[in-house]
Amino acid sequence: MNKIISRIKNLIEFITIYQVMVFITLFYIFYPTNNSSLDAYAYAGDIKYAKNLFLPHHLIYNYFLYSLLKPFNLFFSDINTLLFTKYINAFFQALNLIIFYKILAKLSIPKKETLLYIIIIGFSFSLWRFGTENETYIIPITFSLIGSFYFLNFLKTKYLKYILYSGFFATIACLFHQIHFFWWFGLLIGTIFYSKKLKYILVYSITALIVPLAYSLVLIFYNNQELSLNNLIHFVFFDFYSGSAKTEFGWNNLILIIISSIRTFFQIHANIYFLIRKNFLFVIPILFIFFSVFKVIKLVSRKGLLKRRKLNENPFIKTHLLIFILQFLFAIYAVGNVEFIIMIPFLIFLSLFVKYKINKTVLILLALNLFIWNFSYGIFPNHYYKYYNDAVLVDFIINHPNDKFLVKNDAVLNQFYYKTGMDNYKNILLLNQLKSKGELYKLLSKNNIYTDIIGKPSIFNRGSITSKNKFNFNFNKFNKKFITSYKGLYGTSKIYQISKP
C-alpha cells in the first residue's frame, strides 16, 4: 500500500490538471445511469415533447436543454433525449471542475493539492451521480461557481465590473434552480461586509431583478396568465404551495441529513447488499476502505491531519463558509434532501480547506476510496444493471391501452410519458396515491386491473422512510391471474390481472 501511495505522489508531479479533467470526464460520459429517477424521465419527456419548458422550481432548465437539443433534431430524427441530457450534465460537471481549478489557482493552492481536490470532488457520489443523470442540480453549480470566481476577482481588485459579473452569474444559477438563492445571498452578505461601499452593494443587488423579470415573462407569455403580485408569488413558490417541495422539522430531518451528508461523498444504499449477493467481488471496496481507515488513523496520530495556511483570503473563505452553512441548514429544513446539498463538496474545499491544508497521504487515500467505492456501488451498477427493469412493465402497459394498471414505482408513470408523450396517463394508478384500502376496493369493484405490486421487490431507502402511505393491501379476496414476470437486480417482478370474485 505504501508503494502505491508513493507512486501516486510521483505521478502527481507529471500529470497536468487537464489530463485529470479528461480522466474524470470519461467516467461521466461512458457511464450514464440506466436507472433514471422519476424526475429525470419527466424532464426528458418535457424536453422531448416541448411541454412544461418552464417549471417554477428550476425555471430555465428544461428550456435550456430543449434549446441545446433543437439544432441536433434538425439533422437527426431519432435522438435519445434522455441520454442527450445526461451528456449535457456531464459536460457541465467538467466545466464545474475547470472553474473550481481556476478559483483554487487564484487562491494560490499548490498544484498537487489542487489535483487531489479535483479528483475528490469529481468522484464524490452526489456530483458523480447527478452528473450522469438528467437532474437539475449540476448546471446551476456552474453559474454559482462563476459568481464566486468573479467575487474573488472583485476582492482582489475592487473593480466594479467583477461584482456585476458575480451577481449576474449567481442570479442565473437561481433561475436554473431556486436552491442557489442561498449561494447568491451568501455572496451578497460577503459584498456588504467586505466592500463597505454602497455602489458595490447596489450593483450586486440590482442583478437580482433578473429573477422577477424572467418569472414575469414566463407567466405572461408562456403560462398566459395575468401579471399580478398574487399570480407571480404563487408561480415562483408553486412547489411549496403544491406540497411537492417538502419542508418540515422533526427527527426524520436529523436522521436523513446525516445519511445525506455521507451520501454526498459515499454511496450508501441497499443495492450494496444485492451487488455483493450477486458477485462476492463487490466486497473488495469494503475491505479497502477498512484498511484505509486504519492507515489514516495511524498516520494522523503521528503526523496530524490539518495545518493552517498562511493565506490572506479570509473574506473569500468566510463568505463561502457562510454559504455552506446556509445551504446545509436549508437542507435540514427540507427533510435532509441530498439534492439540496450537492454543492457542499465545492463549498467545503472553497472555505475550510483553503484555510487548512490536509495531509497529502490522507487526500490520496480519500481520492482512491471515493473512486473505488462510488464506481463499484454507484456508477457501475447504475449503468450496467437494471434495478427493477420496469421498462418491461411500461411496454406491457403500452400494449394494453384499454386496461388500468396499479403500479408500485412512481417512475413508471414518467417512463410511460417519456416513451409515449401521454402525460398523467389516467390508466396508470400509483399505489402511494391511494388514500385508503377502501379506495382500492372501489377501483377493483369496477375494473379488471393489472398490477405489479404483488411480491414486488422492496428495498429500504429514503422513500420508505418519508412515505406517508404505509398500508399493505391483501389481494386474497380477489381473483389473481398470473400474466408474466421480469427480472431486475433487486429480484423478480410479476404482473397479475386482478378482478372481483
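In which loop is S108 found? In this predicted model, S108 is found in the loop between α5 (81-106) and α6 (111-122). Its phi is near 65°, a positive value in a residue other than glycine. Most residues other than glycine have a negative phi. S108 counts as exposed because its relative accessibility is 51%, and the cut-off for that class is over 50%. K158 also has a positive phi, of about 60°, although it is not a glycine. This residue is found in the loop between α8 and α9 (160-176). With a relative accessibility of 32%, K158 counts as partly exposed.

L59 lies in the loop between α3 (38-49) and α4 (61-75). Its relative accessibility is 0%, and L59 therefore counts as buried. When neighbours within four places in sequence are left aside, L59 is in contact with L53, F54, L175, A214, Y215, V218 and F235. L59 and Q178 are 119 residues apart in sequence, while their C-alpha atoms are 8.3 Å apart in space. For Y117, with neighbours within four places in sequence again left aside, the contacts are F100, L104, I109, R309, F349, F353, Y356, I358 and L363.

K48, in helix α3, has a relative accessibility of 37% and so counts as partly exposed. Not counting residues up to four places away in sequence, K48 touches T81 and Y418. The C-alpha atoms of K48 and L489 are separated by 29 Å, and these residues lie 441 residues apart along the chain.

Helix packing is described here for one pair. Two packed helices are described by the angle between their axes and the distance between the axes. Helix α16 (residues 271-278) and helix α21 (residues 360-384) pack at an angle of about 90°, and their axes are 11 Å apart. The two helices are therefore roughly perpendicular to each other. On the side of α16 the contact is made by N271, I272, L275 and I276, and on the side of α21 by W373, S376, Y377 and P381. Of the residues in this contact, six are nonpolar, two are polar and none is charged.

The model also contains an open sheet of five strands, in the order β4-β3-β5-β7-β6, with mixed pairing. β4 (428-430) and β6 (479-488) stand at the edges and have a single partner strand each, so one side of each is left without a neighbour in the sheet. From one strand to the next, the twist averages 25°. Helix α22 (residues 391-398) packs on the sheet and touches β3, β4, β5, β6 and β7 (491-499). The direction of α22 makes about 160° with that of β3.

Strand β3 (residues 404-407) and strand β5 (residues 449-451) pair in the parallel sense over three bridges, and K404 has I449 in β5 as its bridge partner. β3 and β4 also run parallel, joined by three bridges. β6 and β7, by contrast, pair in the antiparallel sense over nine bridges. N479 stands opposite S499 in β7, and the two strands form a hairpin with two residues between them.

Terms used:
Residues are numbered from 1 along each chain as its sequence is written. This is a predicted model: local features need pLDDT of at least 70, side-chain atom pairs count only at pLDDT 80 or more; totals for chains, interfaces and linings use all residues. Side-chain values use heavy atoms; hydrogens and water are left out. Helices (H or I, at least four residues) and strands (E, at least two) are DSSP runs, numbered from the N terminus. Buried means under 20% relative accessible area, exposed over 50%, partly exposed in between (1.4 Å probe, protein chains only). Contact means heavy atoms within 4.5 Å. Axes are lines fitted to C-alpha atoms, for helices over the stretch in contact, and angles run from 0 to 180 degrees between N-to-C directions. Angles under 35 degrees count as roughly parallel, over 145 as roughly antiparallel, 65 to 115 as roughly perpendicular and the rest as oblique. Ala, Val, Leu, Ile, Met, Phe, Trp, Tyr, Cys and Pro count as nonpolar, Asp, Glu, Lys and Arg as charged, and the others, Gly among them, as polar. Two strands pair if DSSP finds at least two bridges between them.
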